[in-house]
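Thanks for coming, everyone. Let me put the model up, and then we'll walk through it.

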Amino acid sequence: MATEIKVPSLGESITEATVSKWLKRPGEPVAADEPVAELETDKVTLEVNAPAAGTLTEILAEEGANVPVGAVLGRIAEGLATAIPIPK
């Protein structure tokens, strides 16, 4: 079962952010509450933490993309995956 990584609430007047950097790549293991991505707004840069432990299986919002609050950034599968080829 996959767990979605979503854009958290960013404050009262902020409705979207830009994905500035992914700290993990598909196929890499992640721990619960480990930072997996960074988001930027005109006021703040913040880290998005993994909601669960497992393996990052999919990135849905690439670096540079503008994403609204609540948007799905990526997915984490439970457990450790075997080697997943990472596209170049």
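Ground rules. This is a predicted model, where local features need pLDDT of at least 70 and side-chain atom pairs count only at pLDDT 80 or more, while totals for chains, interfaces and linings use all residues. Residues are numbered from 1 along each chain as its sequence is written, and side-chain values use heavy atoms, with hydrogens and water left out.

Four strands build it, in the order 5-4-2-7, with antiparallel pairing. Strands here are DSSP runs of E, at least two residues, numbered from the N terminus. Two strands pair if DSSP finds at least two bridges between them. Strand 5 (45-49) and strand 7 (66-68) are the edges, each pairing on one side only. On average, neighbouring strands of this sheet are turned by 45° against each other, direction ignored. For that angle, axes are lines fitted to C-alpha atoms, and angles run from 0 to 180 degrees between N-to-C directions.

Strand 2 and strand 7 are antiparallel, with three bridges. Glu16 has Pro68 in strand 7 as its bridge partner.

Next, strand 6, residues 54-59. Strand 3, residues 29-30, runs antiparallel to strand 6, and two bridges join them. Gly54 in strand 6 stands opposite Val30. Strand 6 also pairs with strand 8 (residues 72-77), again antiparallel, over four bridges. There, Ile59 has Gly74 of strand 8 as its bridge partner.

Now the charged residues. Where is Lys24? In the loop between strand 2 (16-22) and strand 3. Lys24 counts as buried because its relative accessibility is 16%. Buried means under 20% relative accessible area, with a 1.4 Å probe and protein chains only. What does its side chain meet?

Last one, Glu38. Glu38 is found in strand 4, residues 35-40. Glu38 is buried, yet has no salt bridge. That term needs a side-chain nitrogen of Lys or Arg within 4 Å of a carboxyl oxygen of Asp or Glu. The nearest side chain of opposite charge is Lys21, 4.3 Å away. Among the residues Glu38 touches, not counting those up to four places away in sequence, are Val19, Lys21, Leu23 and Leu46.

Key:
Buried means under 20% relative accessible area, exposed over 50%, partly exposed in between (1.4 Å probe, protein chains only). Lys and Arg count as positive and Asp and Glu as negative; His and the chain ends are not counted. Contact means heavy atoms within 4.5 Å.
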